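These are my notebook entries on one structure. I shall set down what I looked up, in the order in which I looked.

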Amino acid sequence: MLFTQQHPCVLTGCLIALFVTVSATGCAHRVVVPPPPKSYDRATELSGVDLVIDEFYVEDLSSGDKAAVKALRRSFTDYLRESVRFGSINQLGDHGAYLGEYNLHVDVRIAPSHTTGRTVVFDALAALPVIVPPLVGLFVPVWGQARAELEVRVTDADHRLLAEYHRTAYDRYWCLFYSWYRTQYIEDAYADVYEALFTSVSFEMARDAPRLAKAIGAEPDHSSVASAPLSPAHRNDWRTTLATEPRGEELRLITESASPPFDGFYSYLKLLGGLEVAAFTGFAEVASSYEDEYGKPVKVAAGSATQQGFRIALYSAPKKTGFFWYPVVGFVWQDVAIGEFRDSWDNYYQPEDIEPICSDPDTGENLDCGAPNVYELSMRSGYAGLRGGWELAVGHSWFVFFASVSLGINLLEFRSLRAVVGTDDATETGFDFVRSGAVGGTVGVSFPKAHLALRLIFEGELYREFEYAHEIPFKGPPAYNSDKQIVERPLRFVQAASLHSFVMQTALAFVF
Amino acid sequence: MRHSITERAAFVLIAMVSTTCSDEQLPTLPLNPQLTVWNRCSKSPDNPNFYELLHLYCHAGEAYANLADLLSQPLAVGDETVIEFNQGNFITVVRRRNTGQQIALTTRSGLAVPDDCYTLEVFDDAFRLVRRDNCMLDDGSPNGDDGSDADDGPPPGD
């Protein structure tokens, strides 16, 4: 209620977007007449054969498609006629009655369908400018695939099966602007699909014409067509891809990418992988060390902090099992206070030592002599690098479970380290090379048809040697000074700090 | 060196008691012995004088504000200076903290310095009052009761 009172425009826009989206996606016709067939001079002559189309059935017809079925059947007849010169190609009469004697009977069954992909983000954004109606739905990327299965059975006069053809074709489509209101781009894809199917089957029938003629006791007049129409040159004329796919799907190890070939604007968009939004929580530790006389690092100060936040990245869900690598660009920031290690001096004082009382000389206020000094650090790193590893993908076309392990290195970084130490506030910035890396693992699921992926990421990152603007003094570990005959923490100047972080991320990705 | 009336009265009282109530001659504390202050704070090879002593105060109470600084210039690490000490006074030194601000370290109690042969060593987090081995008093009496050459005093020129 509160939402509707404060944001009526947003709510209205969302409702409009929902209505338009739902209504528009259902409006595309699936029965679309393809363009006329190309003319071939070398069509097979079967002038002594009379053919009749007993059945021409299109599955799942909508009310708007029924009227177009007859036109589609005529188109199919035209394609047959261009490839094979039958004596006649006939339709059934009213009530399915035969109007004559026919040598060949043909049953045609077509199953059209299409898939649609869209980004929820752009759909939502497109619904926002409700006060400027022409802008509603202006930029709404939509993409998908129109697909149809064609099954043709050829029988003789006694309905004995002579030949059977089964072909599947699909064609991709995409639209960027006003896609809510437009359906032509889908129907054009269907037209290409039907063109490919009709052409393929008619050419195959032409190729089989001698065998068909012999089976019914007729002789072809000319059979020069043979396989010519199926040559690669002809295939290249088609924008549509013919495919033979298994009808049923079982859970399997995915070893080959099902990505479509590079084609069109959407393929360019796919280069970006996808858009991922992640919420993360984690733990970071920052430490400063110096090297002792043996070259061994001695930690003199450390601090830790929890990390929480959000991340937006480009990401594509795994498509197959195997090794992978990809470039990565990122940014990490961490604000943390680090402090020297505190020691109790009670064990170190000797009887002749005089303990001090510490105070601030400016105010006279007493201070804790053993209080560790605290350093406020703000660390930033924008980096570009590589991630690689191995990933397992199990599933099928609509659901994929994946897991991966990866290693990464950041080749180039632009770093900034601001250190506030008492009254000193200094920032060091500059480029660094190969100073950080990451190791991690991912488990997740993706829904390829929905273009969504959900994953959990566990990652550890190490950023070495964030350099201070100038050396910073720290108290070293306690050590006995035999010259002075006293235990002291010698002063050490440190040049850099390192950052370790361990984060768990929950990420939702819209995969392009 | 000026002394408060209370201090003077205390020392007079100590002297009277020591002369009237004791059969033996007890050593008397000089009112204003010379005290050597030696900066023995740790030094880093990168910045040897980070812990140089910026200010030095000798004061009767714990408060040292608004007192005259006994150093004309910072006392480098390893260096020493000689001040005229008032019996029972506190010593305060001021040096840098690691964070860049300053910190004052004051002896937890007032000091009693028997003679001019004592050195107050200032460490990072402690003081130590020691008697120098090779010290000769003005009256020619030798210092040091065991004759050892222990390294209690500052080496010359250190």
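I began with a term: two residues are in contact if their C-beta atoms, placed from the backbone, lie within 7 Å. The model is predicted, so I noted that local features need pLDDT of at least 70 and side-chain atom pairs count only at pLDDT 80 or more, while totals for chains, interfaces and linings use all residues. Residues are numbered from 1 along each chain as its sequence is written, and chains are lettered from A and ligands numbered from 1 in the order in which they are written.

**Entry 1: the contact between the chains.** I found that 31 residues of chain A and 30 residues of chain B take part in the contact. Helices (H or I, at least four residues) and strands (E, at least two) are DSSP runs, numbered from the N terminus. On the side of chain A that touches chain B, strands 11, 12, 17, 19 and 20 of chain A each give two or more residues.

Entry 2: I recorded an open sheet of 5 strands with mixed pairing, in the order 11(A)-7(B)-6(B)-1(B)-3(B). Its edge strands are strand 11 (353-354) of chain A and strand 3 (80-84) of chain B, each of which pairs on one side only. Two strands pair if DSSP finds at least two bridges between them. Which residue of strand 7 of chain B is the bridge partner of A:Asp353? I found B:Arg128. Strand 11 of chain A and strand 7 of chain B are antiparallel, with 2 bridges. Strand 6 (residues 118-122) and strand 7 (residues 127-131) of chain B are also antiparallel, over 5 bridges; here B:Tyr118 has B:Arg131 as its bridge partner.

**Entry 3: the cores.** A nonpolar core is a set of buried Ala, Val, Leu, Ile, Met, Phe, Trp, Tyr and Cys residues joined through C-beta atoms within 7 Å. The largest has 53 residues, and A:Leu197 is among those that touch the most other members. Helix 5 (184-215) of chain A gives this core its largest share, 16 residues. A second, separate core of 32 residues includes A:Ile354 and B:Val37.

Notes. Buried ≥ 20, exposed ≤ 12 C-beta atoms within 10 Å, placed from the backbone.
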